[in-house]
Structures are given as C-alpha cells and as structure tokens.
Amino acid sequence: MEASFEITLQMAIAVFAGILAQVLAAYLRVPSIVFLLMFGILLGADGIGLLHPQVLGTGLEVIVALATAIILFEGGLNLELRDLGKVSTSLQLLVTLGTMVTLLGGSMAAHWLGEFPWAIALLYASLVVVTGPTVISPLLKQIKVDRQVATLLEGEGVLIDPVGAILAVVVLNTILNDHAAPMAAISSVLTRLGVGAVVGGGGGWLMSWICKRATVLSFELKNLVVLAGLWGLFVLAQMLRSESGLMATVVAGVVFGAASVPEERLLRRFKGQLTILSISVLFILLAADLSIASLFALGWGSVLTVLALMFIVRPINILCCTWNSDLNWRQKLFLCWVAPRGIVSASVASLFAIVLTQRGINGGEAIKALVFLTIIMTVVCQGLTAGVIAQWLQITSQEATGAVIVGCNPLSLLLARLLQERGENVVMIDTDSQASQKAEAENLRVITSSALDENVLEEAGLGGMGTFLAMTTNGEVNYVLAQRAAEEFNPPRVLAVFPRDPQANNATTKMKVSQAFLGELQIKTWNQYLNDEQVKLGMTTLKEPGFSLQKIQLQALIKTGELVPIFIEREEKLQVMPADEVWQPGDRIIYLLHDPRPNLLKRLSGSSQATRLSLEKLPEVEELPIAKSSDISLKQL
C-alpha cells in the first residue's frame, strides 16, 4: 500500500507542477518549457526533494514512450499538406541533409570543444539533431510568425523527431557493438523508417475510415478510439522493429489529418489537451531526475559546444537546406536562430544514460547532462528571444496579407478588387451561386458554400491570411461568423459588419472581433448606391498641419451618412478600416463618397454602360471652404 501511494503521490505532484508551469507560462507569455525545467529541477533530488522519478522504475520508460507517441501523433495531425507543398524541398533537405550537417557538426563540436571521445560525441550529436514539436509548437502559437516559416519549423520538428530517435538508436547500437558495419547501420535506419511508415500509413487510414463510417459512435468515443488506435500502432511497430513506433505515430497523424474526418477540429483539440498534459508530466519527471552536479562537472567546454551548435552548425544547416528556396533573408535568419531542443532529446538521453551505465561504458551521465544543458540553453536563449527577433525581422503574422471575405455583394466585390490590385490574395465565400458568378467575373477566387463550415474556411486558407471580413447583409450572421473565425483560426484581424455592441457583456469576444468601417454601416444602402453608380472612390492623406481640422471634416461627412472609410494605409500597409481605428498624421484614408450626380448625368446622356470606379482625390473632401470648415469645427467642438 505504501509503495503504491508513493507512486500515486509522485504522479500527482508531477501533474500539478506541470499544469502550474503551463499556467504561469501562458500568463507571462514565455515558453512553457522554461517553467517545466525550473519546477522539475526545484522539486527533484537536488532541490527540495519532493520528486523521485526512480520510484516509478520501468514505469517511467512506459510513460515516456506512450506520452511521446501522443505528442508526435498530434504533431503529424497538425501538419498542413497544402502548406508543406510550398516548402517541401527545403523541408526534405532539413530532414535529410540537415540531419547529417547537425550530426557531423555537433560531433566535431563535442569532440574538439567538449573533449568527449568520438563515440560519445557522435551519440550526443545524434540526440540533438531533433528540434521537437514540444517546444516549437507552443512557441509558434505565442509569437505567431508568418505561415511559411511556421510550417517549415513545425514540419522539421515533427518529421525529424522519429528520424533523430532512430538515428540515435543506431549510433548507440554501433557503440555497443564495435564490429557493426556502416552499411548495416544505414540499412537498419531505412528498415525502421519503412516499417514505421507502412504501419502508420495503414493504421491512420483505418482510423479515419472508422471515424467516417461509424456514425453510431459518439464524438467522445471516437476520440478514445483514435487514442487506443495510435497506441496500438506504436506497440505494433515496436514489435515488428524496435524504435519504429515513433515513425508510425507521425505517419498515422499525417494520414489521419489529410483524410478530412468529420469533427476533426474538435478531435484535434482533444489531442492537443493530451499533448499538453504529456509534455508537462514528462518534462517535470525528467528534469527532476537530472543531477545539477553533473551539469557543473561538464565545464566551459560543453558550454562552447552548445554555442557552436547554435551559432555555427544551425546557420550552416539552414543555408545548405534553403539556398534555392523562395525564403527571404529575414525568414532564413529567423530559421537560423530558432532550433530549441525538446522532450525527445531529453527522454532518449535519459534512457541511453541507463543503458550505457548498465553496459559499463563511461559517459552515460555526462551525455545526459550535456543534452539537458543543450535544452536549457537553446530554450532560454532562443525561446525567450524568438518573439523579439520575429518582430525585429518583421515576419510575425501581424504582417500577414490577404483576406477571406464572406458575402458577395457590390461593396465586398469592390473591396476584394482593390485588395487584389494591390497584389494581395483574396478569397470570397458565399452560398448564393449567382452572387458567386459575379465575383468570378471580377477574376476573384470564390467558394460557393457556407462560411460556418470550418472545412470551407480551411479550404480558403484562413490560417495563412491576415484578415477575415464578414459583410453579408445580415449583421447578426456576420458577428457569428467572425466569432467562429476568431476562435478556430485566430487570424491577426477579424472584422465584421454588425449592429453596434451586440452581446455587449461578452468582453472577450469583443476584443477578438472588430466592427468594420463604421459603428452603424447601412450596408444595403451602400450596395444600392454602388448598383446605381451614385458613389465616388476617393483617397486623402491626413497631414500634420491641419490634422485636427481634416479629421473633423471627415467625421462630419461620416455622421451625415455621405462618406464611409473602407481602407487605411499606414506605413505602406493597406488594411480594412476598423470602426474604432485611431487615425494618425500620415495615414492615407480610402473612402466611398455618396454622389447622386453621376447617375443623373448618365441618364441624361442615355448611356447604359457601367463605369469602373477609380481611385482619385475628390475636391468635395479635399477643398472644403474655409468658412464652412470653421462652422463644422465649431459645431463638432
């Protein structure tokens, strides 16, 4: 009874400390692994001594194996094949050529700088070739870099984990067996990868087929079926060939994610929650088992080894693998900086330390300490500074362009055309096929379906767009659509045309969804104006001399319902105008001005051909009489 209670107590402490670390990290907006390592070491034998992972015995290895399977399956599930296609060549090179560059560079650094024997140096390098989704994914969720960079980092982290783990096992077997031939080692790697790919591919397809066809199963039961299935695939692959289970779980996740299973996003949430729990418990337990004395015993040579890995080996890796890609120098520089190591390195290093010690080979504890030193230095240095670096390099998703616009009406078509003329990617969504045809006539990409369907938003590529704009003629529908988009995809800018302050008590949602253009935009009225050609498309630049007067003049026209601002251009970035935007000197305002005269002249001339709006400076706004301007300013004041 006492032994079982001790194990229960250890697990309870690990779970509590892990979730507390996650909460603090989310509150302070730093990578969770920082607090996980800190809490683990603090609770371990070299801290206050509450956690003793060795009490778990072989159960620790079981927890590590099953939790890692969940983590890698979730990583494969979140890989977007459409996005991978854009960086496929660079990703293939990172997983193949990049692995060899890190293996050779890390080995030389550990041997020459850390003064490790070549065998131990090679084993260390094989353990740190992985970058791990356990650190990359939470980090990217916090800093929100542009989609191309995020896809490359996520893909590298997920795909290189099983490759690195298998490579490390082969290197360990080579060390334990001095007579192993190089060709046998290469064959062993390829065999394990092949077995894992076949088992994972078949199993992933079978799980997706069950989830699609088994309509009698509830959503909760489908989640558990997938969980049992991925663990079953992991064990099956391990039985067929040791260390092939990791590859099986990654491939199963990729295949399952590509199968478009109903309620897939809800399933991803469930797997994401399991992944957070797995990461939290694993890092706490493994960090608690780390000896601080072994870290200090490494000396400055090991610190130089890690620095060489960060500042020499990684940049060479990125330059070799992305030299012929369409990535710009800012994106490449960010890739050079971000390569934190995660749970796979820590867990495999802990297991290897036990094996080497049991075989009587020196260096087991030292290599474990060096791997943890690598994790600590890369996570602290790169994880804590990644957000600042991304903003400095201007590659955050806040810089993302493109728009998904829901509703094909005259006003939305005008906005889409203007954005497309600026070179931005625009996708429109509408359930009305006739309205969609009008958009296609403007050479706009249209999806004729409901924007309430998450798969439709995914097809539109909302995950990589900068703006979501709902502007159907139904304000309540627009608000609901914007809510869904903000909650499920969280693009940088979510706007909608809706009545003033619906559900005013929902402060959280109000922060996510902004009113577009005006607090009370009569969208049907302006659509009619556009149909009747009773509008002009104008632009004006707010200048420092007379800024207040310009602002008052524009606001007076807005209040009379004669003018609606549709875009604001600031620092050469064109964005849809939010209703609560604070204008600044230097801003360029693009607007629509109601003017019934063009339609009257058109009728008098007998012309029936529609004229295309062009952007111009309008005297009605630019050159108001001084006396009239003074009257307006006095009334406003």
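The legends below walk through a few close-up views of this predicted model. Residues are numbered from 1 along each chain as its sequence is written. Local features need pLDDT of at least 70 and side-chain atom pairs count only at pLDDT 80 or more, while totals for chains, interfaces and linings use all residues; side-chain values use heavy atoms, with hydrogens and water left out.

**View 1. An open sheet of four strands.** The strand order is β7-β10-β8-β9, with antiparallel pairing. Strands (E, at least two residues) and helices (H or I, at least four) are DSSP runs numbered from the N terminus, and two strands pair if DSSP finds at least two bridges between them. At the edges lie β7 (535–541) and β9, each pairing on one side only. From one strand to the next, the twist averages 25°; angles run from 0 to 180 degrees between N-to-C directions, and axes are lines fitted to C-alpha atoms, for helices over the stretch in contact.

**View 2. Strands β7 and β10, with two helices on the sheet.** β7 and β10 (residues 588–594) run antiparallel and are joined by seven bridges. Look for Thr541, whose bridge partner in β10 is Arg588. Helix α24 (residues 523–531) packs on the sheet and touches β7, β8 and β10, its direction making about 75° with that of β10. Helix α25 (residues 547–559) also packs on the sheet, touching β7 and β8, and its direction makes about 140° with that of β8. Contact here means heavy atoms within 4.5 Å.

**View 3. The hairpin of β8 and β9.** Four bridges pair β8 (residues 563–570) with β9 in the antiparallel sense. Arg570 stands opposite Lys573 in β9. Two residues lie between the strands, and Glu571 takes a positive phi near 55°. On β9 (residues 573–576), Leu574 and Val576 make up the covered face, and Lys573 and Gln575 the uncovered one.

**View 4. The largest cavity.** Its volume is about 70 Å³, and the structure holds three cavities of 30 Å³ or more. A cavity is a set of points, on a 1 Å grid over the protein atoms alone, where a 1.4 Å probe fits but cannot get out; lining residues have an atom within 4 Å of a point. Grid points are joined across faces, edges and corners, and the volume is the space filled by probe spheres set on them. Among the lining residues are Thr102, Glu156, Met310, Asn317 and Arg341. Helices α9 (147–176) and α15 (300–322) are the elements giving two or more residues to this lining, and α15 supplies the largest share, five residues. By class, the lining has six nonpolar, three polar and three charged residues; Ala, Val, Leu, Ile, Met, Phe, Trp, Tyr, Cys and Pro count as nonpolar, Asp, Glu, Lys and Arg as charged, and the others, Gly among them, as polar.

Methods. Buried < 20%, exposed > 50% of the residue type's maximum accessible area, 1.4 Å probe, protein only. 1 Å grid on protein atoms, 1.4 Å probe; cavity = no way out; pocket = protein on both sides within 12 Å on 5 of 7 lines; lining within 4 Å.
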